Amino acid sequence: MSKIITLTFSPSIDKNVSVAKLVPKDKLRCLDETQTPGGGGINVARVIHRLGGDVEAVFPEGGATGALLKQLLAKENIPLLSVKTKNETRENFAVLDQSNNKQYRMVMSSVKLFEKEWKKCLEEIDNLDSVDFIVVSGSLPANIPLSIIGKLAKISKNKNAKLVIDTSGKALKKALYEEVYLLKPNQEELAYLLNVTKVKKSKLEAAIKKLLHHSKCKIIAVSLGEDGAMLVTKDETHIVKPPSVKVKSTVGAGDSMVAGIVFGLSKNESLKNALAYGVACGTATTMKSSTALCQKVDVDELLKKMSK
């Protein structure tokens, strides 16, 4: 079985509550409180583990919230390798207003990592043996230099591992010009990479091929929301659409898609089948409330429907 490593530079504790109605100044009684481990790569690891993949999560952790993060991952039996940091791991908050079924998400800024801390994360990965996939998912703290993408590409190349990146902003654009195996932007991020405001669906494949022509990246998979996803290489194009489902929350759907694609690739599935895994995982996550992620039983059921 392929060994998958995920790297999360901005992990979090995601706290969720619901209230009868959001009212200014009133003391609001919170219900249904949950807290889950969060952050792009951590979510990817959680989903891959549920699917039965061999995965290990690498991340920085600090203070009491960092210790809690490790405890929450241990409850899910997620193999992990954490790097101690001076600053505390951040917390994010989400509130569901039961009166209108709308969710309000408060996302805290990424915690600053000192140079020796983010370098230690790279060292830990570099010291691992027999790694097949390195998945870097989530935002980069503002103080981390963009050159870290190149360092990760070099580590991956030396290990003969496939580098998968799902990030945003300047880090995403930097990844386009490094030796990355797979890049996973959404439609808005794709437009950003192309320096345009929007990409028409009819022009999507051509736009992605244009990016690939000028980049070192081998595969670009673009998430399309309820329309599924498109995966493009210089020689292949695949589109996978999900069955219609009742969407409860889109939180974590993108991370779940990345997890499904990588899991499929780790099983030596074709690119089209790996994309189907990704779409099934992303869709299954939208069927869950709040920040809950997909379960294997739902993913398998969706895959059966999609194969008919």
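I looked up the lining of the largest cavity: its residues divide into five nonpolar, five polar and three charged. Here Ala, Val, Leu, Ile, Met, Phe, Trp, Tyr, Cys and Pro count as nonpolar, Asp, Glu, Lys and Arg as charged, and the others, Gly among them, as polar. I note that the model is predicted, so local features need pLDDT of at least 70 and side-chain atom pairs pLDDT 80 or more, while totals for chains, interfaces and linings use all residues. Residues are numbered from 1 along each chain as its sequence is written, and side-chain values use heavy atoms, without hydrogens and water.

I then looked up the space itself. A cavity is a set of points on a 1 Å grid over the protein atoms alone where a 1.4 Å probe fits but cannot get out; lining residues have an atom within 4 Å of a point. I found one cavity of 30 Å³ or more. The largest cavity holds about 80 Å³, a volume being the space filled by probe spheres set on the points. Its lining has 13 residues, and Pro11, Pro60, Thr89, Val111 and Leu113 are the closest to its centre.

Next I turned to the sheet. Four strands form an open sheet in the order S3-S2-S6-S7, with mixed pairing. Strands are DSSP runs (E, at least two residues), and two of them pair if DSSP finds at least two bridges between them. S3 (31–38) and S7 (102–106) are the edge strands, each pairing on one side only. S2 (residues 12–19) and S3 run antiparallel, joined by six bridges. In one pair I checked, isoleucine 13 has proline 37 in S3 as its bridge partner.

How values were computed:
1 Å grid on protein atoms, 1.4 Å probe; cavity = no way out; pocket = protein on both sides within 12 Å on 5 of 7 lines; lining within 4 Å.
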